[in-house]
Amino acid sequence: SSDLLTAGPSAATLLESIGKRIALYEREMNLVRAAKDLGPAFEKFSVEGASANFAFDRYNRHFAGQSRDTRDLGLLKELVEELKGVRKRMTAVGGKKLPEPMQKDLDLVTSNIERYQTEEREIPKAQSAGTQEDQANRFAFLANQQFALYQTFFAGQSRITRRPALLVRLVDNLRRYRTAMFDLKNKGFNSASNDGNINIVDGRIKAYEEELGEIRKTRSGVALAEIMGTLGGAANELFQSYRDDYAGKDRTSVSLENLGVLIDKLDEIRRQMEDLGRVEKNEANIKNVQIVRDYQASWVREYQQVRAAQSAAGAAKALND
């Protein structure tokens, strides 16, 4: 388009963007060749590539550059398992000899699994550091995080569209924090608030386990095709939330945090659609998954642009102050 070829002061940027474009075209050509080599398997491989990218995005939003002692170990374990599943399916699709771009994708998945596993070992060390009081406060904070996730992902929502494995993850996390709080007590940490917190966490674990039973019971009585259809309806509600809160709005004034929550909610739906689709073939679900994937990819891009716009606005404000 005409607005691209302006040089002058922006010549260096222009050159860089041309370089990036050439690299992009070269990758596209490699992908076209790979698609020919792989035939119909290429489409399946691309789907797994998209799932891997969504897992990378969740890691970047929830872990990268953030303090280890406040991070959600259960989520990290889930990302590792998810990527292992992706790797297994990629390998099954591609067979022994993968075209080069595909092999690179597979290698990237493997290196990220290894990176996340390193974090998985470091997070518990960070969480059990400091004085007993530091630790007690930290485990209270971490437990509150899980309560907040329950409110966001379960409270007042249809049991049919809830992913049981997510609630299992919350319960496992709370059990871990309860054990840590109890250990402090056993080591002679005398604190009324820590004792109270143990009781609160016990109560929540019990309540969440009961809810998990209800969700499983509700879902077991519903045909897979109906669950798939209900997930489609839930996705439509999220699309509407996005339109209401983000479409056409100034990027510097929207909530970055809420956009992250929307992406995570859509991710929950997409993964369930994909899991169910592996169990039972359903044309409507195949179409729905494609739509959800496209939306999620565009929201991930939008999240990055909103974050960039807000940090630029923040920097400009700091300069003017």
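**View A. The largest pocket and its lining.** The largest pocket is lined by 23 residues, with His-62, Leu-149, Glu-257, Val-261 and Asp-264 nearest its centre. A pocket here is an open set of points on a 1 Å grid over the protein atoms alone, where a 1.4 Å probe fits, with protein on both sides within 12 Å along at least five of seven lines; lining residues have an atom within 4 Å of a point. The volume is about 680 Å³, taken as the space filled by probe spheres set on the points. Helix 9 (256-279) is among the helices that supply at least two lining residues each, as are helix 2 (41-62), helix 5 (132-153) and helix 6. Helix 9 gives the largest share, six residues. Helices are DSSP runs (H or I, at least four residues), numbered from the N terminus.

The model is predicted: local features need pLDDT of at least 70, side-chain atom pairs pLDDT 80 or more, while totals for chains, interfaces and linings use all residues. Numbering starts from 1 along each chain as its sequence is written, and side-chain values use heavy atoms, without hydrogens and water.

**View B. Helix 6 against helix 7.** The axes of helix 6 (residues 164-186) and helix 7 (residues 192-220) come within 9 Å and cross at roughly 160°. The two helices are therefore roughly antiparallel (angles over 145 degrees).

View C. Arg-169 pairs with Asp-72, with the closest N and O atoms 4.0 Å apart. A salt bridge puts a side-chain nitrogen of Lys or Arg within 4 Å of a carboxyl oxygen of Asp or Glu. Arg-169 lies in helix 6 and Asp-72 in the loop between helix 2 and helix 3 (73-94), so the pair ties together parts 97 residues apart in sequence.

Technical notes. Axes are lines fitted to C-alpha atoms, for helices over the stretch in contact, and angles run from 0 to 180 degrees between N-to-C directions. Angles under 35 degrees count as roughly parallel, over 145 as roughly antiparallel, 65 to 115 as roughly perpendicular and the rest as oblique.
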